[in-house]
Amino acid sequence: MPKWSNGRNKQEDRETEEVTFSSSKFMGFSMDHPYPSFLSLKSLAAFYSCLWNAFEMLETSCIQTNVISPSDVVTGDLPANFLWNSLCLLSLFIITAPIKPVVDSKMSTASVDLMQNDSVNNGDCVNNGECDNDYDFSKLGDKPKHLNMERQRSFDERSLVEASPRHTPWAENGQRHIDLDSIFSPSRRSSFNTPRSICSFEPHPMFAEAWESLRKTMVYFRGQPVGTIAALDNSDEKLNYDQVFVRDFIPSALAFLMNGEPEIVKNFLLKTLRLQSWEKKIDRFQLGEGVMPASFKVLHDPVRNTETLMADFGESAIGRVAPVDSGFWWIILLRAYTKSTGDTSLAEMPDCQKGMRLILALCLSEGFDTFPTLLCADGCSMIDRRMGVYGYPIEIQALFFMALRCALVLIKQDAQGKELVERIVKRLHALSFHMRSYFWLDLKQLNDIYRYKTEEYSHTAVNKFNVIPDSLPEWVFDFMPTYGGYFIGNVGPSNMDFRWFCLGNCIAILSSLATPEQSTAIMDLIESRWEELVGDMPVKVCYPAIESHDWKIITGCDPKNTRWSYHNGGSWPVLLWLLTAACIKVGRPQIARRAIEVAELRLAKDGWPEYYDGKSGRYIGKQARKHQTWSVAGYLVAKMMLEDPSHLGMIALEEDKQMKSIVKRSSSWTF
Ligand code: GLC
């Protein structure tokens, strides 16, 4: 039985709470005590919390159906039908609340304790797993199911304050502000138990199916789980989809961590670390020591009854490109593991420290660079075929920034580490300045570029990279909303790739490469360009597609990357977890909720495809694998994070206060 459903956490060294959820008994009002519950402060709190949540749900659905707009909520300029519905809702609550059946009287205490205590009540919940919430698992089996909600101790990470958002009422600018401070401190966790987190999560039947599918993809090496296979699709030619990809394993790993199953993640980190130390050669050329594999596979020898690992560092990959992202993801995952488990011993191991140093040595080495960004070959990340994503692609720069920030908290400050930490700090400052200044595009910035003079020489040049305004693509003028902005795809000499890339922008938010204003602007853009970026299946890997002559030149006539397909404007369900995490960090979870609802309409029915084709993602991808593991895991992570946003801490970093004061902001960041 999946661990999430049996809910018994056997690990004793962590704080654990187990909660049984039942939608039929979340209120805490009893027939035995018709009105007294109103008299108790605790019950009153429970009542108002649920009422508040009902209002929020009403408000969200009204926004979604365009009955009201977010700005209406801020200005209080609400239409009569919304107010009328609200009034009806209030009356309904007053009439029905006192007679709401309570099946177990213990529950009423538990649900109130969830709100009142500073940390989530561990009493009854931990011991007998019978405290309640709004989670209806009855659909998933006969017996009541338990959801394993591990609350793990935060571990202190040097100067960085990392936390996850909690809901607060609408603020003046029409968005919810989130308090990113201290949410991981167990003593303050109950501040998280706003009505929404108590009453909002309805498990979709897909959730159970997804867990089942994910477990089937687990790969074992000498009896130990070490990763998940890329796709479990037997209908097609396998190519390398029968391997464990480093980047593909990230959402799987996060799902396991969120479910309190860190073992597979630890094994994966250690196994890939061993692979890193292999000698890697392409023809006669030896790759850098720090390169991490793109993927690996377990080979079984039935005759000798042995198992060995086989890795691909780019020497077998289509296009023969080394995966620059693998090393970054490895560091990011090491931090996620450490953050989630509180187990610092893995990261402190000399081998892990060396592994990190080797990865960083590859990207911090001095050369002919004039920019702090990292120069890359095409196809070195998730978009692993020729797509014009070379030079200084946002996908890699954002991961680079995030990996540096994670390394900063993981590298030991011993003799070797000290100097490295200094180099990381310097690079972070230069990189964030460069990215925030030159990759950022909003209406004002676009207008400035449109009016650029060219051929400027010397330090006083405004158009530093000599971008020719005629090279601005037509589509970008329509695409750019009045409010909103994003980090463009690439910036180099006389080159600006204006395409939107989802992963890069989400990672920019999660790593705090984007300032809070920029993060908000990215969310504004996603909302304004919903049809284009989310459409019928979240989320477009990049936008727009390259067509006709450009497609021929840029992709080399790649038949897999035709317009609106695969990497060329295809829609990738895996990106849902990144979008969700970014939305939560910015305090806009309703955007993620909406995207998840879109995905839920089709994803399982279609057999969890790898990607979708078409302008709005209506078609299962031409060559998409079915039962693609990261489509499954991406959905799971998105759901779990939305249900318990404190998981965000594994994968998000708060803005470094030091950096904030050093980096000056461009005037176009404020609206
Ligand atoms: C494709 C994707 C790549 C992914 C691999 C395995 O090659 O482009 O990003 O890692 O499949 O799923």
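This is a predicted model: local features need pLDDT of at least 70, side-chain atom pairs count only at pLDDT 80 or more; totals for chains, interfaces and linings use all residues.
A search of the whole structure finds nine cavities of 30 Å³ or more, and the ligand sits in the largest cavity.

**The largest cavity**

- The lining of this cavity is made up of 25 residues, and those closest to its centre are Asn240, Phe245, Arg247, Asp384 and Tyr566.
- Sorted by class, the lining residues comprise 14 nonpolar, four polar and seven charged.
- Rolling a probe the size of a water molecule over the atoms shows where empty space is left.

**The shell around the ligand**

- Residues from several parts of the sequence surround the ligand: Ala230, Tyr241, Phe245, Arg247, Asp248, Met382, Asp384, Tyr566, His567, Glu610, Gln628 and Trp630.
- This shell divides into six nonpolar, two polar and four charged residues.
- Phe245, Arg247, Asp384 and Tyr566 belong to the shell and are also among the residues closest to the centre of the largest cavity.

- Met382 contributes a polar backbone atom, which lies 2.7 Å from an oxygen atom of the ligand.
- Tyr566 contributes a polar side-chain atom, at 3.3 Å from an oxygen atom of the ligand.
- In the side chain of Tyr241, an N or O atom is 3.5 Å from an oxygen atom of the ligand.

**Cis peptide bonds**

- Between Pro538 and Val539 the peptide bond is cis, with omega near -5°.
- Val539 belongs to the loop between α21 (530-533) and β13 (542-543).
- A cis peptide bond also runs from Tyr543 to Pro544, with omega near -5°.
- Pro544 is found in the loop that links β13 to α22 (548-555).

**A positive phi angle**

- Glu455 is a residue other than glycine with a positive phi, near 55°.
- Its position is in the loop between α17 (443-450) and α18 (475-479).

- Gln416 is part of helix α16, which covers residues 415-439.
- Along the chain, Gln416 and Arg357 are 59 residues apart, while their C-alpha atoms are separated by 9.2 Å.
- The side chains of Gln416 and Arg357 are joined by a polar contact of 3.4 Å.

Terms used:
Residues are numbered from 1 along each chain as its sequence is written. Side-chain values use heavy atoms; hydrogens and water are left out. A residue is near a molecule or strand if one of its heavy atoms lies within 4 Å of it. A polar contact is a pair of N or O atoms within 3.5 Å; within protein, one must be able to donate a hydrogen and the other to accept it, and residues adjacent in sequence count only if both atoms are side-chain atoms. On a 1 Å grid over the protein atoms alone, a cavity is a set of points where a 1.4 Å probe fits but cannot get out, and a pocket is an open set with protein on both sides within 12 Å along at least five of seven lines; lining residues have an atom within 4 Å of a point. A molecule sits in a cavity or pocket if more than half of its atoms lie within 2 Å of its grid points. Ala, Val, Leu, Ile, Met, Phe, Trp, Tyr, Cys and Pro count as nonpolar, Asp, Glu, Lys and Arg as charged, and the others, Gly among them, as polar. Grid points are joined across faces, edges and corners, and a volume is the space filled by probe spheres set on the points. Helices (H or I, at least four residues) and strands (E, at least two) are DSSP runs, numbered from the N terminus.
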